[in-house]
Amino acid sequence: MLDFETCNKARLERDPDYDGRFFTAVRTTWIYCRPVCSVRQPLTKNISFFETAPAAEQAGYRPCLRCRPETVPFCPAWKGTKTTVERALRLIEDGALDSGSVAQLAERLGVGPRHLSRLFARHIGASPVQTAKTVRMRKAKRLLNQGGLTMAEVATRAGFKSVRRFNTVFRELYGRSPQALLKEVLKNGPTT
Ligand SMILES: [Zn+2]
């Protein structure tokens, strides 16, 4: 993980080189952002940094609606070096945890479920289940932005078991319904 000073300098300068390498979480608003976010910058005393979007979400932060931090692909810093985690992420992207369990995922990767969870804790800073949640939501947001789909279609295509589940998880994460967000998208245009 990058040190605090490096992250702080990067986010104050909105340095695009650091986009995706860390996320800024703001304690006063419970929102997390990309370093390039255009919203007014929070005071240094109110922030902390996370290496991944799932890690920030696991700590209870919501993604910023302006810079859409949850849509950033996973950090390239360790890409190619942590093969098991990388393969796991690919399988999660393909929906491995939408219908299957963590134990089944671990088995496909040839490791124990506890080992897999430890690897995720070390490299992602969040559990495989939380990571799948972030990935699912990222897919849903992309589909919502595209428009033209019903909520049921968005929910199914993103990997949710039901629309109700989708609505619940969405509310938990964004503090509003998908319909409310969709209205915003229609008004302001897609932001990603
Ligand atoms: Zn932001």
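Helices and strands are taken here as DSSP runs, a helix having at least four residues and a strand at least two, and both are numbered from the N terminus. In these terms, tryptophan 30 lies in the loop between strand S1 and strand S2, the latter covering residues 31–33. The model is a predicted one. Tryptophan 30 has 12 other C-beta atoms within 10 Å. Because a residue with 12 or fewer such neighbours is classed as exposed, tryptophan 30 is exposed.

A positive phi is also found at arginine 14, where the angle is near 50° in a residue other than glycine. Arginine 14 is placed in the loop between helix H1 (4–12) and strand S1 (23–26). With 14 C-beta neighbours inside 10 Å, arginine 14 counts as partly exposed.

The protein chain as a whole contains ten helices and four strands. Read from the N terminus on, the order of these elements is α-β-β-β-α-β-α-α-α-α-α-α-α-α. Along the principal axes, the C-alpha atoms of the protein chain fill a box of roughly 45 × 40 × 25 Å. Of the 192 residues, 34% count as buried. Contacts between residues at least 6 apart in sequence were also examined, and 56% of them join residues at least 24 apart.

The domain assignment divides the protein chain into domain 1 (4–71), domain 2 (76–123) and domain 3 (130–188). Taken over C-alpha atoms, the centres of domain 2 and domain 3 are separated by 24 Å. Six residues from domain 2 and five residues from domain 3 take part in the contact between these two domains. On the side of domain 2 that touches domain 3, the elements giving two or more residues are helix H3 (83–93) and helix H4 (96–99). The residues on this side of domain 2 comprise three nonpolar, one polar and two charged.

Helix H3 also packs against helix H6 (residues 113–123). Two packed helices are described by the angle between their axes and the distance between the axes. For H3 and H6, the angle is about 95° and the axes are 10 Å apart. Angles of 65 to 115 degrees count as roughly perpendicular, and H3 and H6 are therefore roughly perpendicular to each other. From H3, the residues that meet H6 are Thr84, Val85 and Ala88. Their partners in H6 are Leu116, Leu119, Phe120 and His123. The residues of this contact divide into five nonpolar and two polar, with no charged residue.

Arginine 87 is also found in helix H3. Arginine 87 has 14 C-beta neighbours inside 10 Å and so counts as partly exposed. Arginine 87 and arginine 34 are 53 residues apart along the chain, and their C-alpha atoms are separated by 25 Å.

Notes
Residues are numbered from 1 along each chain as its sequence is written. This is a predicted model: local features need pLDDT of at least 70, side-chain atom pairs count only at pLDDT 80 or more; totals for chains, interfaces and linings use all residues. Domain bounds come from an automatic or database domain assignment. Two residues are in contact if their C-beta atoms, placed from the backbone, lie within 7 Å. Ala, Val, Leu, Ile, Met, Phe, Trp, Tyr, Cys and Pro count as nonpolar, Asp, Glu, Lys and Arg as charged, and the others, Gly among them, as polar. Axes are lines fitted to C-alpha atoms, for helices over the stretch in contact, and angles run from 0 to 180 degrees between N-to-C directions. Angles under 35 degrees count as roughly parallel, over 145 as roughly antiparallel, 65 to 115 as roughly perpendicular and the rest as oblique. A residue is buried if 20 or more other C-beta atoms lie within 10 Å of its own, exposed if 12 or fewer, and partly exposed in between; C-beta atoms are placed from the backbone.
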